[in-house]
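Hello,

Please have a look at it first, and then read my notes below.

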Amino acid sequence: MTAAIEMPRVQECVVAACAYNHTGDCHAFAITIGSLDHAHCHTFIEMPSVRAGVDGQVAQVGACQRADCRHNAQLECRAPSIRVGPDADMADCMTYASR
């Protein structure tokens, strides 16, 4: 039997265009970070007229595909918390740090 780990929280999200962002915080249940070449937030959904997620819910990092991040262990984020910020066309994990 394996013990569940506590997933890191999304401490801050400054991507105002995301439907899950309510005043600087993310209200998705869990987000997925990364692709092979970038630390994108793949839960980012740009829908200006929609507010998604659950009030009072603080998002967690459910999975991270950036195996080259120093916070990543077996595709799980081990950072205490993360920040999400804007990129040219999406949202990125600003806590990402290469090994």
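Where does UniProt place the feature "domain: DUF1540"? The unreviewed UniProt entry puts it at residues 13–44 and again at residues 64–96. Please keep in mind that this is a predicted model.

Here is how those two stretches look in the model. Residues 13–44 are 0% helix and 28% strand, with 10 Å between the C-alpha atoms at the ends. For residues 64–96 the figures are 0% helix and 42% strand, and the end C-alpha atoms are again 10 Å apart.

One residue I would point you to is His22. You will find His22 in strand E2, which covers residues 21–22. Is His22 buried or exposed? Its relative accessible area is 13%, so His22 counts as buried, the cut-off being under 20%. Leaving aside residues up to four places away in sequence, His22 touches His27, Arg51, Ala52 and Asp55. With Asp55 there is also a polar contact between the two side chains, at 3.4 Å.

The other spot worth a look is on the surface. Which residues form a nonpolar patch there? They are Ile45, Met47 and Val50, and together they have about 210 Å² of accessible area. Ile45 sits in the loop that runs between strand E4 (30–33) and strand E5 (60–64). Ile45 has a relative accessibility of 34%, so it is classed as partly exposed.

Enjoy exploring it, and send me any questions.

Best wishes

Technical notes:
Residues are numbered from 1 along each chain as its sequence is written. This is a predicted model: local features need pLDDT of at least 70, side-chain atom pairs count only at pLDDT 80 or more; totals for chains, interfaces and linings use all residues. Side-chain values use heavy atoms; hydrogens and water are left out. UniProt positions are given in the numbering used here, feature names are shortened, and annotations may be inferred rather than shown by experiment. Helices (H or I, at least four residues) and strands (E, at least two) are DSSP runs, numbered from the N terminus. Buried means under 20% relative accessible area, exposed over 50%, partly exposed in between (1.4 Å probe, protein chains only). A polar contact is a pair of N or O atoms within 3.5 Å; within protein, one must be able to donate a hydrogen and the other to accept it, and residues adjacent in sequence count only if both atoms are side-chain atoms. Contact means heavy atoms within 4.5 Å. Patches are made of residues with over 30% relative accessible area and no salt bridge: like charges are joined within 9 Å, nonpolar side chains (Val, Leu, Ile, Met, Phe, Trp, Tyr) within 5 Å. Accessible areas come from the Shrake-Rupley method with a 1.4 Å probe; for residues, only the protein chains shown count as cover. A salt bridge is a side-chain nitrogen of Lys or Arg within 4 Å of a carboxyl oxygen of Asp or Glu.
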